[in-house]
Amino acid sequence: MTDTGRVTWIAAAVLLGAMAGGALVQNASDAVRLSGQDQHELYVSSPNVLRRLCLGYTGLMADIYWTRAVQYFGYQHHRQSGDFRLLAPLLQVTTQLDPHMLPPYQFGANFLAQQPPNGAGLPGEALSLLQYGIQNNPDQWRLYYNLGFVYFTEFKDYAKAANAFALGAKLPVTNEFMPVLAARMAQHAGEFDTSRMLWYTAYESSKDPRVRQNAVDHLLALRVDEDVTRLEELVLKFRQRTGHNPANMGDLERAGFIRGAPVDPNGKPYRMTTDGRIEVQDPKAIPYITKGLSHPVADSPLRPSL
Amino acid sequence: MPAIEILDLEKSYTVGFWRGREKQALRPLRLTIEQGEVFGFLGPNGAGKTTTLKLLMGLVSPSRGTARILGMGVDNPRVRAQIGFLPEQPYFYDYLTAEELLNYYAQLSGLTFKDRATRVAAITDRVGLTEAAKTPLRKFSKGMLQRVGLAQAILHEPKVVFLDEPMSGLDPMGRREVRELIQQLRSEGKTVFFSTHILSDAEALCDRVGIIHEGELRGVGAVAQLTARSQGKVEIIFCATSVPAGLTSLGAEARVNGEMVNAVVPESRQEEAMEILRHARLRIVSLNPVRASLEEYYLEALRPAESRMGAGA
Amino acid sequence: MNSRIRLVAFNTFREAVRDRVLYNLIAFAVLMSVAAILVGQISIDVERLVVVNLGLTAVSLFGVVIAIFIGIGLVSKEIERRTLYTVLSRPVRRWEFVVGKFLGLTGTLVVNTFFMAIGVFLALLYVAHKFERADYSVLAALYFIVLEFVIVCALALFFSSFSTPIMSAVFTFALFAVGSLAEDLRAFAKAATGFTSLIATALTHVVPNFAAFNVINQAAHGDAIPARLILYNTLYAVLYSAMAISGAVLIFQRRNLK
């Protein structure tokens, strides 16, 4: 092979090898960097300084910070760390750089407000973010929806929620559920149907796949809560009729209260405990459920039945 | 082993970004130069002389064909230890002094530490740069830069030396020095391949010349043979005070010097001229062939192919 | 090491030293002194922070600009100006030339950074009146900055192998800008789908990741820099430079010099 030919082969091999090696090192380096250094993720935390620094390219900067916010949340959520302290500042910087970008507000409404490990647990921050958003985008029904949503789910302040939904309902472009939600806040706030409507509207209000998935998860959890509540009412009825708890699901079925074995959204049958409570077989697979969870001392064999 | 073998070396460029016209800088060139020869490569500007040199130096890769120097392919780095190159209007690193540049180049050419100092000093002397040796090159005039160029080309005692327009930018004194240098190189047994468009230099120095025009080799041969091949003339000196009528009608150029006349007639009309003079009973002093100058051959080689005669290697 | 590579490297270094480097050092020294004096007016705790942040950022930015301009001047311009003809007609191989240029260039920048670093440490001494343990992280930050320069030099050389001086400078600077945002590019690649994701991921392997080398803020706060990071960054700089230089060699091998 000529001298040139040999050099070409060696150089090509080095190039490809170095590229591959570089990719590997980058991944290894990530582990070291991101674990210890995420508190400096923000680089510049003052939006005004940032706005000047980026020489007017605020749109691009906003996009960059939005990408960072999403990636940050995803990373922390994946690690189950429960630590989302940078989420609020990241979203604030994003919206200050570009107040008309809607997805950050919706993202904040969902994931800033929710309790850990699925959210930052900062509903107050979510409120300020949304209020800022409404100030800058007064004709966006989705933002009013998000506001009412946060009041409802996190603060249980049904009056303020109703107010927000009502304001949103008055807009020229709005969603058909808004006036209904406003009305229901007053009387039927604690009902399953209201929650279901709320989450369904959340699903419809956003195109962000994360927000939609979150809404779906909540809807499924609602179904579980409803199922468990209904089943426990039936257990009560059985006890009233027979004077003792049903031994298992089969008893309820034979007594004519249910048809077939009821299953949760994952297809797993609900379990009945010896003291007549209904439990979900695999609660970890269904986030956000508030019923059907076992008590901390439930596995003690000496616990007497009710 | 020949010093330089060029086998159907060809180079074309695509000109123009989208349409890509092909421009042939060098048509297939076939040439062999023996060791110890001084070969002149003649041609007008843009003929392909520099392209040929760049191909031989490996600065440019050929579209087709190969070339060998001292039996090794031109892309073999080892061959470059045996050759020296002076490019046309050379540029050098401004910030170095002449001495530093020559030292750098000497090292790159593989001269050992011992040899280097003596060689550099000797070469600086030989090209007449001793005084300016420690001056930065950016202060050098064109003529001085040319000398540096020559120095770096022969510094490592290469067997084959390539010079692209070595006389350019030099005053007559400088040109004479370069001519002497080339002659010295020849007496040292080195092969010299140089391109020029100054015919008198080629005539004086070269064993053989090649004429190139529009990328094509139009003629190659020893100077004497080439000039002999084209139409020669004879010079007749005879005693007379005026030019006989018959001679002028033959196309003679005549000059009267007191009692002698110098008449130059085409070789083909020599017999007729002699007849006229005998008839006029004029005494002939001498009859000598006048060699056609290389210039005539050159100009003829440059003419478009159809109207050329006697051209070709 | 191959003696020809060493020769080319040393010659490159010599040119840089004689040509431009000194001026920027003076400018930098002036900047650092002024900054240190001004900073002395602020309260004690912040002084160190500002000097380190300002000093290291200045070293980094100055250095990148110098790396680009010297790099371009030393290679792209040389190719354009035909100084190369007499060099390449010698037994030097083209790849040796490229590697030698690279080493000379990085050598210049290391020396340059060394002097600028002295400026930073003197300013630090002036405001803090003593050196602390935390100052080791400043050394680590400086080392990372030098690694950044190595990559930038490799890039400058790569573009010089086929492009004009101005375009080489533009491309190198553009890649530096994109490389500084490489983390965001990677996040984008993970979040995107389909074809966009493919292109973005391919880009993240080609664009140098400069975010990993920027520990200036940490050094300013006196945080320790993990040893593993030092190892990884060194590896990455070596690998990436090898990639760019072999690219330059491949291109330069074939190049027809005008």
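Which residue of strand E9 of chain B is the bridge partner of B:Phe39? I will come back to that in a moment, after a few words on what we are looking at. This is a predicted model, in which local features need a pLDDT of at least 70 and side-chain atom pairs count only at pLDDT 80 or more, while totals for chains, interfaces and linings use all residues. Residues are numbered from 1 along each chain as its sequence is written, and chains are lettered from A and ligands numbered from 1 in the order in which they are written.

On confidence, the predictor gives the complex an ipTM of 0.81 and a pTM of 0.71. For chain C the average pLDDT, which is the predictor's confidence in each residue on a scale from 0 to 100, is 83, and 94% of the residues score at least 70. Among the elements of chain C, the lowest mean pLDDT, 70, belongs to helix H2, residues 21-39, and the highest, 92, to helix H11, residues 227-254.

Let me begin with chain B, whose secondary structure comes to 10 helices and 14 strands; helices here are DSSP runs of H or I with at least four residues, strands are runs of E with at least two, and both are numbered from the N terminus. The C-alpha trace of chain B spans about 75 × 50 × 40 Å along its principal axes. Of its 313 residues, 37% count as buried, where buried says that 20 or more other C-beta atoms, placed from the backbone, lie within 10 Å of the residue's own, exposed says 12 or fewer, and partly exposed is in between.

Now to strand E3 of chain B, residues 38-42, where 5 of the 5 residues are buried. Both of its faces are covered, with B:Val38, B:Gly40 and B:Leu42 on one side and B:Phe39 and B:Phe41 on the other. E3 of chain B pairs in the parallel sense with strand E8 of chain B, residues 191-196, over 5 bridges, and pairing requires that DSSP finds at least two bridges between the strands. E3 is also joined by 4 bridges to strand E9 of chain B, residues 208-213, and these two strands run parallel as well. That brings us back to B:Phe39: its bridge partner in E9 of chain B is B:Arg208, and in E8 of chain B its bridge partner is B:Phe193.

Just after H9 of chain B, B:Arg281 takes a positive phi of about 55°.

Turning to chain C, we find 11 helices and 0 strands. Its C-alpha trace spans about 60 × 50 × 30 Å along the principal axes, and buried residues make up 50% of its 258 residues. With that number of residues a compact globule would have a radius of gyration near 18 Å, and the 20 Å of chain C agrees with this; the radius is taken over C-alpha atoms, and the globule rule is 2.2 Å times the number of residues to the power 0.38.

How do chains C and B meet? The contact takes 20 residues from chain C and 22 residues from chain B, two residues being in contact if their C-beta atoms, placed from the backbone, lie within 7 Å. On the side of chain C that touches chain B, helix H1 (3-19) and helix H4 (84-88) of chain C each supply at least two residues, and H1 of chain C gives the most, with 6 residues.

Finally, a residue of chain A: A:Thr4 is found in helix H1 of chain A, residues 3-37. A:Thr4 is partly exposed, with 19 other C-beta atoms within 10 Å. Leaving aside residues up to four places away in sequence, A:Thr4 touches B:Asp75 and C:Gln253.
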